[in-house]
Every structure is written in structure tokens, then in C-alpha cells.
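Have it open while you read, and click on each residue as it comes up.

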Amino acid sequence: MADKPTVEEFLARHPEFEPRPARVTIEVAISDAYKAVHPDAFGETHARAVCLQAAHYLALSPHGQQARLTPTGTETTYSRELDALTKAGASGLARVVGGY
């Protein structure tokens with residue numbers, strides 16, 4: 001299984017989450033995202049996908065209101081980027097398998 005990104009790797013990709021929320025909150029978001037994002041679905045982009053999912057989770061917290069696309073919604077800039085990454089991976093898989 002792919003390695004779980006560290007807080008430092010997450011913050012390198014998403015410096016907007018520094019200095020808040022607390023480091024332990026970021027660790028929990030990474031752990032939750034790591035469980036939710038299957039490595040086979042993303043291959044080499046797995047770490048990026050985990051960080052995007054963790055950023056999405058954090059954006060849904062009270063500290064992340066500015067990343068939400070609507071004030072009361074659950075769609076964030078990070079969920080949109082993760083969706084695009086998912087679609088890019090799916091189209092690549094279809095080409096490899098012979099679907100396109």
C-alpha cells in the first residue's frame with residue numbers, strides 16, 4: 001500500500017492551512033483521507049489525491065469556510081480538483097484497458 005503523506009507534505013501542497021488548524025487536526029484529516037482514497041484508483045497520484053481529500057475535509061470545518069464554493073454547501077475547491085483528478089485517472093485507465 002502507498003505511504004500516507006506526512007503533515008509536512010500536506011502543508012507543502014496546501015500552505016494555506018498553516019498556521020491553522022492545529023497539526024493534530026491535519027493529521028486526523030490525512031488519516032481519514034488515506035482510508036477513503038484507494039491507491040489503485042490513483043496510482044502515482046495517490047499522495048496528491050489523499051492531500052486533496054484531507055484539504056476538502058479541513059475546508060468543511062469551521063476553519064475552512066473560505067474554501068467552500070457556497071457558504072452552506074459541501075463542495076470545495078479541493079473536491080473539484082479531486083473530481084478532475086479522478087476523471088483523468090479513469091480516462092487513462094479506460095485507455096489502458098482498451099475502452100477508448
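The points below go from the whole chain down to single residues.

1. First, the ground rules. This is a predicted model, so to speak of local features we need pLDDT of at least 70, and side-chain atom pairs count only at pLDDT 80 or more, while totals for chains, interfaces and linings use all residues. Residues are numbered from 1 along each chain as its sequence is written, and side-chain values use heavy atoms, with hydrogens and water left out.

2. Now the overall plan. The chain has five helices and zero strands; here helices (H or I, at least four residues) and strands (E, at least two) are DSSP runs, numbered from the N terminus. Reading from the N terminus, the order is α-α-α-α-α.

3. How much of the chain is buried? Of its 100 residues, 37% count as buried. Buried means under 20% relative accessible area, exposed means over 50%, and partly exposed is in between (1.4 Å probe, protein chains only). The chain exposes about 6,300 Å², and carbon and sulfur atoms supply 55% of that; accessible areas come from the Shrake-Rupley method with a 1.4 Å probe, and for residues only the protein chains shown count as cover.

4. Next, who touches whom along the sequence. Take the contacts between residues at least 6 apart in sequence: 51% of them join residues at least 24 apart. Contact means heavy atoms within 4.5 Å.

5. Let's look at the inside. The largest nonpolar core has 23 residues, and those with the most contacts inside it are F10, F17, I26, I30 and Y78. A nonpolar core is a set of buried Ala, Val, Leu, Ile, Met, Phe, Trp, Tyr and Cys residues joined through side-chain atoms within 4.5 Å. Helix 1, helix 2, helix 4 and helix 5 (77-97) each supply at least two residues of this core, and helix 4 gives the largest share, eight residues. As background, nonpolar side chains tend to be buried together in soluble globular proteins.

6. Helix 4 gives another picture. Eleven of its 14 residues are buried, so helix 4 is largely enclosed by the rest of the structure. Among them are H46, A49, C51 and H56. The length of helix 4 also checks out: at 1.5 Å a residue it should span 20 Å, and its end C-alpha atoms are 20 Å apart.

7. H46 counts as buried because its relative accessibility is 2%, and a polar atom of its side chain lies 2.9 Å from the backbone oxygen of V37. H56 is buried too, with a relative accessible area of 10%. Not counting residues up to four places away in sequence, H56 touches T74, T76, Y78 and S79.

8. What about C51, buried or exposed? C51 is buried, at 0% relative accessible area. Setting aside residues up to four places away in sequence, C51 touches P5, F10, R13 and H14. C51 and H14 are 37 residues apart in sequence, with their C-alpha atoms 8.2 Å apart in space.

9. Finally, D83 in helix 5. D83 is partly exposed, with a relative accessible area of 43%. D83 and A49 are 34 residues apart in sequence, yet 9.5 Å apart in space, C-alpha to C-alpha.

Terms used. Polar contact = N/O pair within 3.5 Å; in protein donor to acceptor, adjacent residues only side chain to side chain. Expected span 1.5 Å × (residues − 1).
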